[in-house]
Structures are given as structure tokens and as C-alpha cells.
Amino acid sequence: MALSQQVGARVRRREDPRLVTGSASYVDDIAVPLAAHLVFVRGYLAHAEVASLEAGAARQAPGVLGVFTAADLEGWPTFPVSGPSRTRLPQRPLLAGDRTRYQGEPVAMLVAQSREQAVDAAELVAVDLRPLPAVVDPQAAADGGPLVHEGLGTNVAYESGRLHGDVEAAFARAAHVVRATIRNQRLAGIPIEPRGVLAVYDPWQPLLTVWTSTQIPHEVRRQLASFLRLPESAVRVVAPEVGGGFGAKLSVYPEELMVAWAAIRLRRPVKWIETRSEHFQATTHGRDQVHEMELALDQDGHVLGLRGRILADLGAYPMGAELARLTRRIITGCYRVPAAQVDCVAVYTNKTPVAAYRGAGRPEAIFLIERLMDLAARRLDLDPVEIRRRNLLPAFSSPIANVMEEEYDSGDYGATLERALEVAGYEQARAEQARAREAGTLRGIGVACYLELAGFGPGTDLFESATVRVQPDGAVTVITGTSPHGQGHETAWAQIVSAELGVALDAVSVLHGDTAAVPVGVGTFGSRSAAVGGVAVQLAARSVEEKARRLAAHLLEAGPADVVFDAGGWHVRGAPSRSVRLAEVAAAAYGSGRPAELEAGLESTRYFQPEGLVVPFGAHVAMVRIDPQTGAVTLERYVSVDDCGVVLNPLLVEGQVHGGLAQGLAQGLFEEVRYGPDGGLLTGNFLTYMAPAASDLPTFTLERTVTPTPRNPLGVKGVGEAATIGSTPAVVNAVLDALAPYGVLEMDPPCTPARIWEALRRAEGSPSGGA
């Protein structure tokens with residue numbers, strides 16, 4: 001049955017009224033009687049021995065219920081760590097006992113009757129740290145710098161090589177070889193709501209209930225049960241309203257385990273709310289990869305081969321150890337690359353652990369290949385668009401594999417590029433740029449083509465679950481294993497059900513994020529929700545419709561094969577006046593009007609695991625102006641053409657693209673987590689970590705093409721991370737295009753005014769004549 005007009009309609013988010021009126025409930029809004037408040041005492045040095053920790057005065061402070069250190073955790077498991085096969089894994093303490101390995105690592109925790117009392121008492125905990133040599137540069141860590149984990153004997157977590165095709169021959173016959181060291185800087189997630197946890201333990205059931213701001217409530221439940229030695233059935237995890245995630249809430253953290261532990265230990269509800277300073281110190285960061293790469297091309301600019309190394313900084317502990325390998329999987333981007341050799345080296349440093357951040361490994365790959373394409377175009381004196389045209393993969397509607405043996409489901413990369421150029425008025429913009437340069441104005445145009453892997457599931461059991469239950473009055477409840485935090489699932493899933501069952505959107509409610517209501521689920525990350533979770537909803541709704549058709553046939557005194565679903569009801573084929581609607585069918589399902597062979601009820605639970613990943617793609621064009629006196633960048637225009645397959649709701653897609661563009665442009669122009677040589681965090685607040693404001697960004701021009709995926713019956717690909725991936729290389733390419741007349745061809749992001757001004761000063765302030 002074809003989906004009705006509800007799918008694809010511009011339906012406003014049903015979630016928004018409670019969000020914009022302040023009536024939504026986040027973790028810190030949840031009040032329970034006698035709740036105590038927990039504060040962590042964190043190490044102030046990145047690498048140090050814990051010489052002493054004195055908490056006697058804190059224990060005597062007003063309102064204090066308990067002070068806990070590593071000694072209190074003897075006999076309890078350490079925090080679980082993991083990585084790809086053959087990764088050297090350290091032990092990670094929940095509270096550091098003998099030494100700290102990054103600034104902000106917790107060394108103690110204190111629980112008091114009020115938050116204010118807990119904060120005041122924490123100041124009385126005297127921690128004496130003796131500094132040890134720190135390593136913050138990943139290359140220094142790889143080369144034998146101070147050991148982060150002495151027990152491992154090395155800072156290298158793993159080394160991994162992949163070779164495909166005849167790379168040596170490709171470089172031997174190359175007319176041009178472009179070499180570059182390209183860095184993806186370290187970023188902070190900075191969701192509008194920091195992390196928070198509230199734990200309540202009822203020993204009489206027994207039942208532990210934990211509210212936490214997370215993207216993965218079911219995984220939190222699993223790890224809590226494992227650590228606390230409870231059956232999963234005795235642990236309930238609730239992700240209430242979650243104020244943004246961006247990957248920063250995709251990990252299970254030590255703090256979640258320790259808050260629950262404290263609640264059980266004290267037999268009292270315990271709440272912890274992360275401060276913004278703690279967020280910068282202790283919540284996982286993203287990116288932080290260095291790529292040393294070579295691109296081989298023939299005399300006409302066709303790519304022959306790629307080789308080099310990815311150096312990934314994991315921080316002090318492995319929380320995203322697999323990300324460098326994910327980068328390698330799509331390092332050739334949208335292009336034909338016959339041969340590639342890419343090594344991955346992941347190292348430990350005395351910095352906050354790195355994990356997923358919007359895009360998680362894919363933005364790093366696309367930034368690399370798009371920068372190399374621009375450098376190659378300049379080497380060959382080609383327009384950056386032309387070199388892309390010569391190397392883009394041709395359109396395809398069934399899966400193909402890139403040189404790294406990664407399958408792409410469907411794509412027409414040339415179509416999105418040409419549409420972006422058309423909307424941007426590219427040729428006219430180039431002519432205007434030439435005139436501006438003659439007048440001494442620095443204008444730049446950047447182009448980027450991107451793709452990403454999304455819909456994670458195949459081979460890893462990352463399925464998703466959905467239950468569609470029709471109530472006796474015809475209302476519908478959807479129970480989904482996805483865990484939204486701004487994506488609009490309550491709206492999109494209602495649209496799918498409305499299309500399949502002919503019920504009004506207002507009659508559909510969506511439950512999520514509560515393991516008591518949703519027994520099985522995986523969560524929301526990796527642009528997987530629509531392509532995996534949405535499909536599960538569709539399959540469950542179709543199963544319900546099949547049973548509803550049999551009930552309708554009984555009510556209409558016809559055979560099921562003679563009954564059709566149309567315009568919100570079921571009727572006998574050729575006789576639309578004889579019809580029944582869902583409410584009548586539901587009444588029969590729960591009453592006496594059903595045939596004897598059908599059991600009561602009208603619901604279905606389905607699990608969907610895709611047979612392969614989906615691959616969204618697109619092309620972006622950025623136009624900038626640079627003030628040569630200050631280095632300030634003005635983003636004058638931005639065009640984003642994205643292809644996420646079939647669109648469930650254009651408003652939701654546009655919202656995701658807007659947010660993704662803001663984060664990708666922030667990486668290109670504003671944001672960077674920086675450390676001093678001793679591992680001290682230099683960007684621990686919003687005065688030093690420069691997140692953009694709305695006034696820093698232009699009005700975006702959004703377009704789309706539609707290339708359905710063959711991987712799922714909805715034809716959807718996902719869009720949550722797409723714009724982030726394409727926007728960073730587009731805007732950096734634009735900045736460097738503006739600076740090219742001065743001979744400035746490379747710059748690590750973010751392209752801040754200070755960096756641009758310094759680059760212009762080094763270039764002696766006079767154009768070199770470069771095109």
C-alpha cells in the first residue's frame with residue numbers, strides 16, 4: 001500500500017509547544033522527596049600522583065551524608081572499556097585513587113542534603129597532587145612521550161593498516177602528487193542541557209530507577225545492571241526530555257554508575273547535575289585527528305591513488321577508539337579512487353576522552369578528501385568544481401563499493417553538485433569575485449561534496465524495535481526504541497502511522513526513552529532513527545493493518561481479499577459506501593464483534609535490522625568575505641543541497657540541516673578545545689571556547705534531491721549529521737580561496753581572525769598573483 005499524503009507533508013513538530021513554553025521536564029526538573037545532591041571532586045592536574053586526599057572536614061560539614069573515594073569502591077568493578085580487536089586497553093577507575101590522567105578526572109564524590117551544601121563541603125576536600133610529565137600532542141604520544149598508562153608500556157592503543165589496489169603503481173605513474181597534513185581539531189559537544197542523573201532505589205521491590213540525560217537509555221540500563229550486580233528487570237532507566245546530545249550523550253559515563261551506587265549505598269534518592277565547567281572538562285570531546293596524506297593524479301586531474309596515515313587522539317581512556325577506522329572506511333568520499341593505502345594509529349594522551357561528536361568519524365574523512373581536491377585543483381590550475389566533476393562516481397541506484405570495500409547504497413553525486421552550483425549562481429559568483437579582487441577585496445568561494453554512512457545496524461545487532469497498539473477507542477500508541485533529543489520522532493512516527501492506518505495525527509501518541517515502557521531498544525545516534533526505527537514503526541503499523549483488514553472484512557461480511565484500505569477506512573472493493581473506520585475495527589478487536597479465529601487486541605511489535613547501511617550525500621557552496629585588516633570572516637551566502645532519500649517531513653529535515661550547518665560552520669570558523677603543554681584545559685568556558693551566535697551565520701539556502709535507498713521500504717537515508725559533514729570543508733575551502741592570492745593555501749581549522757591575520761602578515765601583505 002502506498003503511503004498517504006501524511007508522509008512528506010510539512011507538519012509542525014508536535015513536541016515544540018512544551019519545549020518553547022518551558023513545560024517540558026528535564027532531569028533537573030524532576031523532584032522526588034528527600035533527594036540528596038552529589039558533587040564530584042575532580043583532579044586539577046592532567047597527570048599527577050594522588051599524594052593525599054583528606055576529607056575529614058568535609059564529612060563534618062553541615063548536611064553532608066557521605067564522602068566517597070576510590071577506597072570505598074574496593075571490590076567493585078572498574079569502569080568498562082572497549083575498542084577494536086587487538087586494542088591495548090587500560091583499566092579505568094570510577095574514582096581515581098593513585099593518579100589522575102586528565103584534568104577533570106573524578107577523585108572523590110560528596111553527597112549532601114542540598115546542592116549548595118554539597119558544593120560548599122566539596123571545597124573542604126583537600127587533594128594533594130604531585131605533577132607528572134604530561135603528553136598532549138598525539139605525535140609525541142606515538143613517538144614515546146610520557147606514558148599515560150604505565151601498565152601498557154606504550155601510548156599506542158592500536159595500529160591498523162589497510163591496502164586496496166596497486167598503490168605503488170598509482171604513485172609511480174602519477175603526473176602530480178599532492179601532499180598535506182590536515183588536522184581536525186578537538187571539539188566540545190556543548191548541548192544546551194549538560195548531563196544530569198537522578199537515581200532512586202526501592203529495596204522492597206527491589207527496583208532502581210534512574211533518570212539520565214542520554215541518547216541510549218537501554219545501554220545505560222545494561223551497564224548499570226552489570227556494575228551493580230542487579231538483573232536488568234530490576235533497573236528502570238528513563239531519558240526524559242533531553243536537551244541535545246550530538247554524541248556527547250551517546251556514551252555511558254562513570255558519573256551515571258556512581259550516582260546510582262550512591263543512591264543504593266545511602267538508601268536515598270541522589271541527583272547530580274553537571275556544571276558547564278564540568279562539561280568542558282569531563283564530557284567526551286570529538287574529532288582530534290591528524291591526517292598525513294598524499295593524493296596521486298594523472299596530468300588531467302584524475303585521481304589515481306591515495307595513501308597516508310590517520311593519527312587519532314583518544315584522550316586518556318578509550319571511549320571512541322573505533323572512530324579512526326570509521327574515518328578510513330569513507331576516506332575517498334564521493335570519488336573514484338582506484339587504489340588506497342591508509343594506516344590508522346590511535347594513541348592515549350592526558351586529555352579528556354574522545355568519543356562520538358555529530359558525524360563521528362565521517363566529517364574527518366570528508367574534510368580530508370575535500371581539502372585534497374581543492375589543493376589538487378590549485379596544483380593543476382583547475383577550477384575546484386571541474387576537478388570534482390572529473391572524479392565523482394557516476395549515478396547508481398543499487399549498491400556499489402568504494403576502494404575501501406565500503407558499500408554505498410544509491411547516489412547521484414553529480415546531480416547534487418550541479419544543483420548547488422545552479423542555486424548559488426556559481427559562474428556569476430566567480431565573475432564577481434574576480435572584480436572584487438581587482439578592487440582589493442578578499443572574497444572566497446568554497447565547494448564541498450560529501451557523503452556519510454548512516455542507519456547503523458547490519459552486522460552489529462543494532463536493530464530497532466517498535467510497537468503499534470490500537471486502543472479500544474481507535475487511538476494509537478507507538479512505543480519506539482529510538483530515544484529522541486530534538487529530532488522530532490513524535491511527529492514523524494505519528495505521520496507514518498497516520499499514513500498506514502488512516503488515523504488522525506492527534507490520535508497517535510508516541511512513547512520513548514523509558515525502559516519500563518519500551519523493553520527493548522537501541523537509541524538515537526548515527527542518523528539511524530528514520531532508516532531503522534522509522535522502518536520498524538512502519539512494519540508494525542502494516543502488521544496492524546493486516547489484522548485490521550481481516551476484522552473489517554468480518555464486519556463488512558466480505559472476504560479479506562475483497563476489502564481495500566482507502567481514505568482512512570476499509571471498504572469493499574467497488575463499493576466505497578460500505579466502509580468501516582479504525583475506531584469501529586478497534587471496538588470489534590476488543591469486543592464481541594471479532595471472528596472466533598482472531599485473538600483479541602490490535603497491536604504488533606516488530607524489529608527491523610537493515611541489510612546494509614544507507615549513505616546520504618550532498619553538495620555545499622560557501623561564499624565569504626575577509627577583512628584583511630582584522631582577519632574577520634563574513635559568511636555572506638551558504639547553499640546546501642542534501643539528499644536523504646525519501647523525506648518524511650520537510651520541516652524536520654530543514655531543522656536538522658540548519659542545526660548541522662551551524663555546527664559544521666562552527667568547526668570551520670570558531671570552535672576548538674585547546675590544552676596547554678601540561679594538559680591544562682585552556683578553553684573551559686564560553687569566554688574561551690568560541691561557539692557562534694545566530695548573528696554570526698547567514699540565512700541558509702536549502703535545496704534537496706531525492707534518491708531513494710533500496711535498503712528499506714521507506715526509502716529513507718537519514719539527515720541528522722549530513723549538513724555538519726559538508727559544511728566544514730566548504731567554508732574552509734572558501735576561506736583559503738579568498739587567501740589564495742597571498743599564497744596562503746593551507747590552514748588548520750578553525751579559521752579564526754587571529755589565524756587569518758597572522759597568515760596574511762606572514763605573506764607580507766601583498767598578493768602573489770595566484771588564481
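Me: As I understand it, two strands are taken to pair when DSSP finds at least two bridges between them. How many bridges join β19 to β20?

Reply: Keep in mind that this is a predicted model. Strand β19 (residues 464-470) and strand β20 (residues 476-480) are joined by five bridges, and the two strands run antiparallel. Within this pair, V470 stands opposite V476 in β20.

Me: Which strands form the open sheet, and in what order?

Reply: Read across the sheet, the order is β21-β20-β19-β25. Four strands form the sheet, and their pairing is mixed. The edges are β21 (508-511) and β25 (603-608). Each of these has a single partner strand, so one side of each has no neighbour in the sheet. From one strand to the next, the twist averages 15 degrees.

Me: Which helix packs on this sheet?

Reply: Helix α14 (residues 489-501) does, and it touches β19, β20 and β21. The direction of α14 makes about 135 degrees with that of β21.

Me: Now salt bridges. How many does a search of the whole structure find?

Reply: The search finds 49. To read one, look for a side-chain nitrogen of Lys or Arg within 4 Å of a carboxyl oxygen of Asp or Glu. Take R42 and E278, whose closest N and O atoms are 2.9 Å apart. R42 belongs to strand β1 (residues 36-42) and E278 to helix α8, so this pair ties together parts that are 236 residues apart in sequence. Both R42 and E278 are buried.

Me: What separates E219 and R222 in helix α6?

Reply: They are three residues apart in α6 (residues 217-228), which means about one helical turn separates them. E219 and R222 form a salt bridge, with the closest N and O atoms 2.6 Å apart. E219 is partly exposed at 26% relative accessibility, and R222 is partly exposed at 39%.

Me: Which residues are linked with R42 in a network of salt bridges?

Reply: R195, E255, E274 and E278 are linked with R42 in that network. E274 lies in the loop between β12 (270-273) and α8 (276-282). E274 has a relative accessible area of 3%, so E274 counts as buried. Leaving out residues up to four places away in sequence, E274 touches P194, R195, H279 and T283. The side chain of E274 also makes a polar contact with the side chain of T283 (2.5 Å).

Me: Where is E407, and with which side chain does the side chain of E407 make a polar contact?

Reply: E407 is in strand β17 (residues 407-408). The side chain of E407 makes a polar contact with that of R711 (2.5 Å). Neighbours within four places in sequence aside, the residues in contact with E407 include L453, V615 and R711. E407 counts as partly exposed at 38% relative accessibility.

How values were computed: Residues numbered from 1 in each chain as written. Predicted model: local features only at pLDDT ≥ 70, side-chain atom pairs only at ≥ 80, totals over all residues. Heavy atoms only, no water. Axes fitted to C-alpha atoms, helices over the stretch in contact; angles between N-to-C directions. Contact = heavy atoms within 4.5 Å. Buried < 20%, exposed > 50% of the residue type's maximum accessible area, 1.4 Å probe, protein only. Polar contact = N/O pair within 3.5 Å; in protein donor to acceptor, adjacent residues only side chain to side chain.
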